[in-house]
Amino acid sequence: MTMILDAFLGNFKEMLTKMAEEEVGMLLGVPGEIEKLGRTVGDIQCLLSDAEGKQTKSKSIEKWLLELKEAMYDADDIMDLCQIKAKERHERHDSSFSKFGCGISMLSCLRNPVFAHKIGTQIKELNSRLDEIYKKKSNLGLIELQGVVAPSNVRPMSSVPSAALVDIVGDKIEEDTSMLVKLLTTDFEDSVNENVSVVAIVGMPGIGKTTLAKKVFHDPEIQEVFPLRIWVCVSKDLKEVQLLKCIIREVGGDHGAAEERSELVPLLKSSIQDKKFFLVLDDVWPESQEVWDGLLREAMIGGARGSRLLFTTRNDSVARFIQATTTHHVQKLSDEDAWSLLAKQVAFNEFDSETLKDIGLELVKKCHGLPLAIIAIGGVLRGRGKDIHEWQTISESTLWSIVPGNHYFPQAFYLSYEDLPSHLKQCFIFCSLYPEDFEFNKIELVYSWLAEGFLCDEGDLSFYEKGVEYYKELVWRSLLEVDKISYDQDGCKMHDLLRSFAGDKRKSDSLIIKERKLVPRTSESSLKLRRLLIENSTVDLSLDFFEKEKSLRTLLLITNSMSEPPSNALLSLSHLRILELSNSNISCLSDSFGELVQLRYLNVSRTNLKTLPNSIGNLRKLLYLNLDGCEKLSHVPSSIVNLVELRFLSFDGTKVEVFPAGLRKLKKLIHLYDFQLDHNRSHNYSSLEDLGTMSLLSVLRLRNLENVIDINVAKEANLNEKAHLKELWFFYDPYRGHQVSKSIEEKKAREDVLNALSPPPTLEIFHIINYFGDQLPNWLHVGANLLKLKFLRYLRIMYCGCFSQLPPLGLLPNLDYLQIEDAKSVVRIGREFLFDDSQDQTKTKVSHSPILPFSQLNKLVFLRMSSWVEWLWDERQPAMPKLKALYIWNCPKLSSLPKGLLCHATSLEVLDIKALGQLKSVEDLRSVKELYVLESSNLERISNLPNLSFIQIVNCPNLKILENLKPRYSMVLLDYKMETLPEYLRKAKVEKLTVWCREELLVMIASLEIGSSEWQKFEHIPKVKFYGGDDQSLHATYQRAPYLFTTNVDSSALS
């Protein structure tokens, strides 16, 4: 059940205590009822632990818990309405009242005798109802368990680390990966009559099918052979239009405004024609097995010969239906591999691993070799430390004896769930309401939890910080899988098996409608419906439907093509807290929309919404308003400034250019995206100084900053006093900036404004885009100021074309990501990039500062620096000791890499160079493992890379020397203009070579014999593959021992 009673009753009891202190019962005309209600709630809370432990064995107790849950939902609605009325009256009379609960004055609403009588009567009825529920304890055999100690696994929130899921380990998955890669890159000439051959991965839920498919997808050889790779999650409910659009985008096509299958299939066919591709369809069910033959085959069969389809499924019948050429069955992990996975999951050192191995092997055997079950139990063990007795307790738990029902859920899931504290249980279960493979955003998820009442809003940032810790905890326990690519791991998914397991816990009050199908509720459907998901459906819901479900708290309409609900249909949902309409067809909200006074969360992003109703200002409880991607929305009503409880507001991707006067009223905003600054200051609109009241801001994105010319306005924004500000974006309009930059006075005014917008020391992420000043702001340019930004981790400077010198960014003590893009006036980067010359009176080439420049930098990116000629870094100056990846693209005048980089970037593993027209050599980089050199026409030499394992060389025609590289590395060589293979291959100690070349060169190689001059360049290499022609359809394979040479080059071409 999504409402976890223990957590809810605790919050509710605290509220009643405050009300009793204020003698609210007397004012309601029901003296003693509040105190009695508080005692009853406390007594019931003492029964919960016993009841929840017995409910799986007693239908009567399960029914009792559901009855209690219903009563508490109704109680929550009563108190919420009371708070809303109190707030309205408080605002009208501007009086000072005592506070209770989550910060809303209760006494103010009780001065209305009609309302007070109504609430008093409802509280009295609620008291009787709960009293009857409590009295049933004897018949049910429930006992009060007072003073229950919180489980030892509940850590202080500050101790929760950020950790990604550990991948499956062991020899078996490596063997399976190698086998599948070889299979997919081998010709099927004799057995396949079509251009696309099909391979299936089959296995039971949680066994690691997707993990195996991902390892294959990201394998270097697959990347070499298939430049065009597409990954698509199919799931049980096939979303045809969405899937077609996704694939069209992935193959470089444009689906435009097409919304019908009949329009999209021809578009995909033309986009994929004669292209060699590798398509992965993950999680194909019997219900969606038509995805290939019935949907994609017609369009994609025109791909180049040698294209491959790999799909994962739980069912052999699906593999047979799709007619897979080869089916690979994933086997359970061996005990040793399972133990290795568990040990990595709990991050043991070698000593701990040996000490706990025996009990660990017992545990993994109970997981039956299922990786997902092992990962789940690992999430439990992480909280138990290295105490063998704790491990023994988990191993002896009675939950291992649970017999799976209709769905197969590993017993480890039950252990993992029961190990959760109550506040995390409700957050975990809530995530299962969203569609399969849904990509959660951390910020949206936290606000959803707040809207549902899982977090208590004290009027400050504490709820958000607590919600982020909840998110991290679920990730840490491996119940949510983070997107490892995102910088701050802000995106995540829930494994479909975990989603089904969590969904089992909330089915009594939730309903899902998808693909015109009404998924039936359980036998408990007599209970009121509280949450509804309508996914990818064209079903039209009538007014009658909504009127029957007046108790809905959450309504999710996700990727829907359904017609808009009747204008007054939503109004019957007076208790609605969350309304998710993103990507739906909705184009307007009725003016009576403002009657949904209990609404906290409204997401209308990426809809056709043209305007917001003026009544939206009545939603005084609204915390979250997302208008992202509403491209037709050009203005918002003035009443929006009445939403004084707003914490999140986004205009990204809208046409809203001005905000009504009164933005300063929104003092509680934490996230504000794309606030447009108008060049015509007016009392009718808000401007930059209105930000001065927002002391809680954590993320701020400002657009059209060039329109601010008054330094005093910038100062009044008080950015440097916003103690919680962590992420900041400054956007300037490039066209307007070009005009302003012609005037010295106007340009100077904008520079002064930017200097005045100094952020606080708490800043962690900063983007500045299209700035046209001659230098970056003082707070990024002066060493003393940079040292104050001690938490800045991520810095991106884009399209800032006027400044000629980079500031001493090396002084930023915690910077781990730096990107500088389109700094077109920068000619030279020298010592000023590492430290502040003005602080070093000696002016020697080596800094005397105790600060090591760029001490934490992990990734450095330079893009499109068209004037950059020289990068100086003295070899005696230590810096960048942790740099792992360096990208330099489209810097045509840069002729060399600095000596300091070669000497001091000792952690550098990836070097990616593209379009460096003057660069002549890459050498002496002793730690580099992966090297990418592309479109560098004057590059002549690559040498002294003793740790290299992979090199890619693309269109470097003058490269002559390739020496002193680590033996047995892999190489990809691409050049469609070369007429012969490069000479440097003769001495290259390559283990595996892949060549992409013009058709004529491949035909020549295929026509020659062993020992010929061209063959002598590669015949010493163990494995070589050639691909030729515009569509890469021609190929040849060479193997040194035992000798093998095969090709599909036509014999007539050879002659």
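**Close-up views of a predicted model**

View 1. L702 stands opposite F730, which lies in strand 19. This is a predicted model, in which local features need pLDDT of at least 70 and side-chain atom pairs count only at pLDDT 80 or more, while totals for chains, interfaces and linings use all residues. Residues are numbered from 1 along each chain as its sequence is written, and side-chain values use heavy atoms, with hydrogens and water left out. Strand 18 (residues 699-703) pairs with strand 19 in the parallel sense over 4 bridges; two strands pair if DSSP finds at least two bridges between them. Helices (H or I, at least four residues) and strands (E, at least two) are DSSP runs, numbered from the N terminus. In strand 19 (residues 727-731), 5 of the 5 residues are buried, so this strand is largely enclosed by the rest of the structure. Buried means under 20% relative accessible area, exposed over 50%, and partly exposed in between (1.4 Å probe, protein chains only). In a regular strand the side chains alternate between the two faces of the sheet. In strand 19, E727, W729 and F731 point one way and L728 and F730 the other way, and all are buried.

**View 2. Strand 35 beside strand 34.** Strand 34 (residues 990-997) and strand 35 are paired in the parallel sense over 6 bridges, and V1024 of strand 35 is the bridge partner of L993. Because 5 of the 6 residues of strand 35 (residues 1023-1028) are buried, this strand is largely enclosed by the rest of the structure.

**View 3. Helix 19 among its helical neighbours.** With 7 of its 8 residues buried, helix 19 is largely enclosed by the rest of the structure. Its buried residues, Q411, A412, F413, Y414, L415, S416 and Y417, pack against helix 17 (371-382), helix 18 (388-395), helix 20 (422-431) and helix 23; contact means heavy atoms within 4.5 Å.

**View 4. The crossing of helix 17 and helix 19.** The axes of helix 17 and helix 19 come within 8 Å and cross at roughly 25°, which makes helix 17 roughly parallel to helix 19. Axes are lines fitted to C-alpha atoms, for helices over the stretch in contact, and angles run from 0 to 180 degrees between N-to-C directions. Angles under 35 degrees count as roughly parallel, over 145 as roughly antiparallel, 65 to 115 as roughly perpendicular and the rest as oblique. Helix 17 passes helix 19 in a left-handed crossing; a crossing is left-handed if the near helix is turned anticlockwise from the far one by less than a right angle, and right-handed if clockwise. The contact is made by L372, A373, A376, I377 and V380 of helix 17 together with A412, F413, L415 and S416 of helix 19. By class, the contact of helix 17 with helix 19 has 8 nonpolar, 1 polar and no charged residues, where Ala, Val, Leu, Ile, Met, Phe, Trp, Tyr, Cys and Pro count as nonpolar, Asp, Glu, Lys and Arg as charged, and the others, Gly among them, as polar.

**View 5. The crossing of helix 19 and helix 23.** Helix 19 (residues 411-418) and helix 23 (residues 496-506) pack at an angle of about 60°, with their axes 11 Å apart, and the two helices are therefore oblique to each other. The crossing of helix 19 and helix 23 is right-handed. F413, Y414 and Y417 of helix 19 and L497, L498, F501 and K505 of helix 23 make the contact, and these residues divide into 6 nonpolar, no polar and 1 charged.

View 6. K442 lies in helix 21 (residues 442-452) and, at 14% relative accessibility, counts as buried. Not counting residues up to four places away in sequence, K442 touches V468, Y471 and D490. K966, found in the loop between strand 32 (961-965) and strand 33 (969-975), is partly exposed, with a relative accessible area of 36%. K966 and N947 are 19 residues apart in sequence and 5.5 Å apart in space, C-alpha to C-alpha. Leaving aside neighbours within four places in sequence, K966 is in contact with L945, P946, N947, L948 and K989.
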